[in-house]
Amino acid sequence: MEEVRKGRTGVGRRVLVGVASSGAALALWAVVRLIERTAFVTHAQWIDVLCALTLLGCVLLSTPWYLGIHWLLCAVCLLGVLFLQNKELDQQVLHERGRTEHVRVRQIQWTAGDGMGDSAHLYTVTVLDGPPLAPIEENGGLIGWKWVVGGTYPVTVDPQGRVPLRRGDKPGPPVIQQLLQIPLGLGMVFALWRPADLLLRRRPERSGGPLRPWR
């Protein structure tokens with residue numbers, strides 16, 4: 001009977017720990033989402049930079065002998081969530097307000113790339129009857145450079161100017177950016193599991209004796 005009671009207590013504790021860690025991970029995800037949304041709507045990129053620097057500071061401080069490896073993993077996951085949410089909002093703007101236009105190429109200027117590869121090239125394209133294009137980098141991969149002067153090609157246009165212009169058809173919804181946040185969320189739940197377990201174990205000991213130190 002006592003073993004059954006201990007087993008139920010253990011299952012109940014694991015359920016509470018799971019709920020606590022999942023709630024904490026969801027709360028952190030929501031905070032990052034709010035910060036990213038605020039920075040995106042107000043065009044305040046410094047908010048993104050400040051949040052990223054804060055998370056990087058947590059990564060640097062979260063050494064195994066100071067705050068623990070769990071906080072390090074949680075900070076890294078939050079940094080990934082911040083990056084993916086930024087890409088998600090950009091893609092959502094293109095999906096909702098973007099459109100496809102056909103531009104006619106007037107001039108193509110080639111310059112050296114960023115030096116990352118021998119085949120990297122940077123093309124500045126001047127167009128007629130259309131929006132200006134940002135410099136396009138081609139590395140000689142699967143896409144290849146196939147534009148010629150005088151040709152007409154489709155480009156993705158954002159009328160609000162929130163995201164860079166790019167070639168291609170009308171983009172779809174940010175499904176990939178949203179799905180990639182799921183494993184990062186699970187990583188935060190795993191990282192917060194141990195701290196939540198320690199907090200639940202310390203609660204009944206407050207009235208009985210000294211607190212047990214975190215390890």
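Arg-97 is partly exposed, with a relative accessible area of 39%; this class lies between buried, under 20% relative accessible area, and exposed, over 50% (1.4 Å probe, protein chains only). Arg-97 pairs with Glu-96 in a salt bridge whose closest N and O atoms are 3.9 Å apart, the criterion being a side-chain nitrogen of Lys or Arg within 4 Å of a carboxyl oxygen of Asp or Glu. The model is predicted: local features need pLDDT of at least 70 and side-chain atom pairs count only at pLDDT 80 or more, whereas totals for chains, interfaces and linings use all residues. Residues are numbered from 1 along each chain as its sequence is written, and side-chain values use heavy atoms, with hydrogens and water left out.

Two salt bridges are found in a search of the whole structure. In one of them, Glu-88 is joined to Arg-33, with 2.9 Å between the closest N and O atoms. This pair connects distant parts of the chain, 55 residues apart: Glu-88 lies in helix H3 (residues 69–97) and Arg-33 in helix H1 (residues 2–41). Glu-88 counts as buried, at 7% relative accessibility.

The protein chain contains five helices and five strands, defined as DSSP runs numbered from the N terminus (helices, H or I, at least four residues; strands, E, at least two). Their order from the N terminus is α-α-α-β-β-β-β-β-α-α. Of the 215 residues, 31% count as buried.

The largest nonpolar core has 13 residues, of which Ala-25, Val-32, Leu-55, Cys-74, Leu-78, Leu-82 and Met-188 touch the most other members. Such a core is a set of buried Ala, Val, Leu, Ile, Met, Phe, Trp, Tyr and Cys residues joined through side-chain atoms within 4.5 Å. Two or more residues each come from H1, helix H2 (45–61), H3 and H5, and H3 gives the largest share, five residues. Beyond its neighbours within four places in sequence, Val-32 is in contact (heavy atoms within 4.5 Å) with Leu-78, Val-81, Leu-82 and Gln-85. Another core, of nine residues, lies apart from it and includes Val-103, Val-105, Val-125 and Val-155.

On the surface, Val-175, Leu-179, Ile-182 and Leu-186 form a nonpolar patch with about 380 Å² of accessible area together. Patches comprise residues with over 30% relative accessible area and no salt bridge, like charges being joined within 9 Å and nonpolar side chains (Val, Leu, Ile, Met, Phe, Trp, Tyr) within 5 Å; accessible areas follow the Shrake-Rupley method with a 1.4 Å probe, and for residues only the protein chains shown count as cover. Helix H4 (175–179) and helix H5 (181–202) each supply at least two residues of this patch. Leu-186, located in helix H5, is exposed, with a relative accessible area of 57%.
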